[in-house]
Amino acid sequence: MSLAELLEPIANVFRGLGIPEPITHWGHPVMMGTVIFMMGTYVGWTGWRGRLAEDKEVSSKNRADHRKLAPLMFLFLALGYTGGLLSLVMQKQPILESSHFWTGTILLGFLLINSVIAFTGFGKDNPSLRMTHAYLGTVALGLMLVHTFLGLQLGFSL
């Protein structure tokens, strides 16, 4: 059974709600764009400020903000990923053929790895794991931009 076939019963329920086509087509990009650009920017900024700020109070506040918001960003991105899949199924579009799908999958994988690194306390405060976390997060932010570009291409091609 394909992924689209697996998701079809759920997509059919949403189709039955009479959601206007522009919302089905552009709702995912608008909501996820907000998460990526607002939350992603803030999470990245606070992460690096927490790492680089020389003032201990500034560093501590930024680390705390990063710690609070990063899990929510991951949750919203994971939910948005699911919504994007359902949007494609609702529009009877292929899923696995899309570069946007693959960048989203890789992005969630990177963020999951970063979450595990942070959840383990950076291997009892291992500087190499802290550095890996910072740079992997930065790569994830860059991938978010590529993902956004590919998503817009996909949206305009449908």
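**Start with confidence**

Colour the protein chain by pLDDT, the predictor's confidence in each residue, from 0 to 100, and you will find that confidence is lowest in helix α5 (residues 121–125), at a mean of 90, and highest in α4, at 96. Over the protein chain the pLDDT averages 94, and 100% of the residues score at least 70. This is a predicted model, in which local features need pLDDT of at least 70 and side-chain atom pairs count only at pLDDT 80 or more, while totals for chains, interfaces and linings use all residues. Residues are numbered from 1 along each chain as its sequence is written, and side-chain values use heavy atoms, with hydrogens and water left out.

**The whole chain**

Switch to a cartoon view and follow the protein chain from the N terminus, along which the elements run α-α-α-α-α-α. The count is six helices and zero strands, where helices (H or I, at least four residues) and strands (E, at least two) are DSSP runs, numbered from the N terminus. Taken along the principal axes, the box filled by the C-alpha atoms of the protein chain is roughly 55 × 30 × 25 Å.

Next, show the surface, of which the protein chain exposes about 9700 Å², with carbon and sulfur atoms supplying 71% of it; such areas come from the Shrake-Rupley method with a 1.4 Å probe, and for residues only the protein chains shown count as cover. Of the 158 residues in the protein chain, 36% are buried, a word that here means under 20% relative accessible area, whereas exposed means over 50% and partly exposed lies in between (1.4 Å probe, protein chains only).

If your viewer can display contacts (heavy atoms within 4.5 Å), look at those between residues at least 6 apart in sequence, because 73% of them join residues at least 24 apart.

**Charges and salt bridges**

Now select the charged side chains, of which 11 are positive and 9 negative, the centres of the two sets lying 9 Å apart. Lys and Arg count as positive and Asp and Glu as negative, while His and the chain ends are not counted; the place of a charge is taken as NZ of Lys, CZ of Arg, CG of Asp or CD of Glu. The structure holds four salt bridges, each being a side-chain nitrogen of Lys or Arg within 4 Å of a carboxyl oxygen of Asp or Glu.

Between Lys 92 and Glu 8, the closest N and O atoms are 3.8 Å apart. Because Lys 92 lies in the loop between α3 (56–90) and α4 (99–119) and Glu 8 in helix α1 (residues 3–15), the pair ties together parts that are 84 residues apart in sequence.

Move on to Asp 125 and Arg 130, which form another salt bridge, with closest N and O atoms 2.5 Å apart. Asp 125 is partly exposed at 48% relative accessibility, and Arg 130 is partly exposed at 25%.

Most residues other than glycine have a negative phi. Return to Lys 92, which is not a glycine but has a positive phi of about 60 degrees, and which counts as exposed at 60% relative accessibility. Then select Phe 122 in helix α5, where phi is also positive, near 60 degrees. Is Phe 122 buried or exposed? At 13% relative accessibility, Phe 122 counts as buried.

**Two last stops**

Select Gly 40 in helix α2 (residues 21–52), a residue that is buried at 0% relative accessibility. Leaving aside residues up to four places away in sequence, Gly 40 touches Val 35, Met 73 and Leu 141. To try a distance, pick the C-alpha atoms of Gly 40 and Ser 99, which are 59 residues apart in sequence and 21 Å apart in space.

Finish at Val 146 in helix α6 (residues 127–157), which is partly exposed at 42% relative accessibility. From the C-alpha atom of Val 146 to that of Asp 65, 81 residues apart along the chain, the separation is 26 Å.
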